[in-house]
Amino acid sequence: MTASPISARRRRLSALIRSSGFLALCIMVTNIATYGFQIIAARILGPGQYGGVASMMSLLLVVGVVQLGMQATASRRVTETPGQERAIERTVLRATYRAAIVVGVVMLAASPLVWRVLRLDSIYPALLVAVCAVPLTIMGGQAGVLQGERRWLGLSVVYLALGIPRVIVTTAAMWVRPTEGAAMAGVALAQFAPAIVGWWVLRRRAEAHAKPGPVKPVVVEMLQASFALLGFFALSNVDILIARNVLSDHVSGLYAGGLILTKAVLFLPQFVVIIAFPSMSAEASRRSALVKSLTLVGGLGACAIAGSWLMSWLAMIFIGGPDYAEIEGLLWVFAILGMVLSVLQLLVYSVLARRSRLSAYLLWIAVAAALVLGAMQTTVEGLVWAVLSIDAALAAVLLAVTFWRLNQTPHRA
C-alpha cells in the first residue's frame, strides 16, 4: 500500500529535476557561485590586485563568444531538424574541438599583448587565460546539443559544474596566495569541470553510429553568431578595459567593484535566455517567446535596481565591503546598467535565433562610441554614466528593429 505513494513521489521528483524550472534554479546557483567568487576575490585581493582579475574575467567572457556562438548554432540546428540529433551532435562536436584548439592557440599567441594591455603583474595570468579558453569552448558545443534537445537535467549539471568548482577551487588558491596568478590558476583548473561533465552526459550518444554532416556550414554559422556575441560582450566589458587604462589602479578597482553588481544583474535572468532560445528559433513561437522573456527580464531588473537603491548598505557587503565605500551612492546606476545589458543580451539572442545579421553591426558601432566617450572620463561616475547612456540608446534602437523585423514577412535582416 505504501509503494504507490513512494513511486508517485519519485516520479514527481524525477519530473521536477528534468524540468526547465530546475535548470533555472541551477543556473541561478551557478551565477551566485560565480559572483561569490568575485566577491571573495575582491575581499581577499583588494582593489589593486582585484582590478587585474576583473579585467581578465571580462576578457574571458569576450573570448567565450566562440563557446556561446557554438552553443547557439548547435541549439538552433537541433531545434530546426528534429530526428537528426545524433548526426548534428557528432558534426557539432567535431567543429567544437577544432574551434577549441584554434582559440587556445590564438590566445596563447596574444598573451604578451594581454599582459601589457591589462597591466598584469606578469605574463603568467595571461597564459592561464589561454588555458581557460580551450575547455570553455568545448563546453559550448556540448551545452548547445543539450539545450536544443531540451535535455534540461544534463544541461543543469553542466552549468553547476561551471560555477561551483570555480568558487571552491579559486578561493582555495587565493587563500594560499592572494595574487592575480593564483586566482587565474584556480579559474583555469575549475574550467575543465563542465567540459568533463558534458562529455560524460553525451558519451553514450556519441557512440551511436550516426553519419556526421559537413563541418564547414556549422563553422560559418558559428562565426556569424560569434560576431554578434562578440559585439555584445565587447560592449558589456569594454568599460573595465577603459577603466584600467584611463583611471588609476585604485579608482579602476572601485569601478570593477561596481561592475560586480552590474554583472550580477546582467546574469540573474540568464536562465530566461537559455530556456527561451529554442522557442525563439521556431518561427511560430519566436514573437511570443520574446515578449514573455522581455517582461521577465525587465521585472527582475527592476527588483534589482530597487534593492540596490533601498539597501545599498547590503549591496556593499557583496561587492567588497568598506574598501569600496566611495561607490555606494552609485550602486543603483550600476544596477540599471546591468538591466539594460540583460535586455540587450536577450535581443541579441533573438537576432541569432532568426539568423539575422544586420543588427549585429549596431553593437560594434556602440562599442566604438563607448571607447571614444569613455576615454574622456576621469571618474567612476563619469564612466558609468557614459557607458549607460550608450547602452540604453542601443537597446531602444535594437528593440525597435527587432519588433519591426518580426512584423515583416520572414526573411534575414
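Start with helices H5 and H6: they pack at about 150 degrees, axes 8 Å apart. Axes here are lines fitted to C-alpha atoms over the stretch in contact, with angles from 0 to 180 degrees between N-to-C directions. That angle makes H5 roughly antiparallel to H6; the cut-off for the term is over 145 degrees. This is a predicted model, where local features need pLDDT of at least 70, side-chain atom pairs count only at pLDDT 80 or more, and totals for chains, interfaces and linings use all residues. Residues are numbered from 1 along each chain as its sequence is written, and side-chain values use heavy atoms, with hydrogens and water left out.

Back to the pair. H5 passes H6 in a left-handed crossing, meaning the near helix is turned anticlockwise from the far one by less than a right angle, while clockwise would be right-handed. H5 brings Met139, Ala143, Leu146 and Gln147 to the contact, and H6 brings Trp152, Gly154, Leu155, Val158, Tyr159 and Leu162. Contact means heavy atoms within 4.5 Å. For the classes, Ala, Val, Leu, Ile, Met, Phe, Trp, Tyr, Cys and Pro are nonpolar, Asp, Glu, Lys and Arg are charged, and the others, Gly among them, are polar.

Next, H6 (152-176) against H7 (180-190): axes within 8 Å, crossing at roughly 150 degrees. So H6 is roughly antiparallel to H7. This crossing is right-handed. From H6 come Ala161, Pro165, Arg166, Val169, Thr170, Ala173 and Met174; from H7 come Ala182, Ala183, Gly186, Val187, Leu189 and Ala190. Ten of these contact residues are nonpolar, two polar and one charged. Helices are DSSP runs of H or I, at least four residues, numbered from the N terminus.

The angle is about 175 degrees and the axes are 10 Å apart. H9 contributes Ala225, Ala228, Leu229, Phe232, Leu235, Ser236 and Asp239, facing Leu337, Leu341, Leu344, Gln345, Val348, Tyr349 and Leu352 of H14. Eleven are nonpolar, two polar and one charged.

Now the spaces. How many cavities of 30 Å³ or more does the whole structure hold? One. On a 1 Å grid over the protein atoms alone, a cavity is a set of points where a 1.4 Å probe fits but cannot get out; a pocket is an open set with protein on both sides within 12 Å along at least five of seven lines. Grid points join across faces, edges and corners, and volume is the space filled by probe spheres set on them.

The largest cavity is about 640 Å³. It has 38 lining residues, with Leu61, Leu162, Phe233, Phe267 and Gln270 closest to the centre; lining means an atom within 4 Å of a point. Elements giving two or more residues include H2 (20-63), H3 (65-80), H10 (249-267) and H11 (270-281). H2 gives the most, twelve residues. The lining has 23 nonpolar, 13 polar and two charged residues.

Last, the second largest pocket, about 500 Å³. Of its 24 lining residues, Leu59, Val62, Leu230, Ala234 and Leu241 are closest to the centre. H2, H3, H4 (85-117), H9 and H15 (358-374) each supply at least two. H9 leads with ten. By class, that lining has 20 nonpolar, four polar and no charged residues.

Note on methods. Angles under 35 degrees count as roughly parallel, over 145 as roughly antiparallel, 65 to 115 as roughly perpendicular and the rest as oblique.
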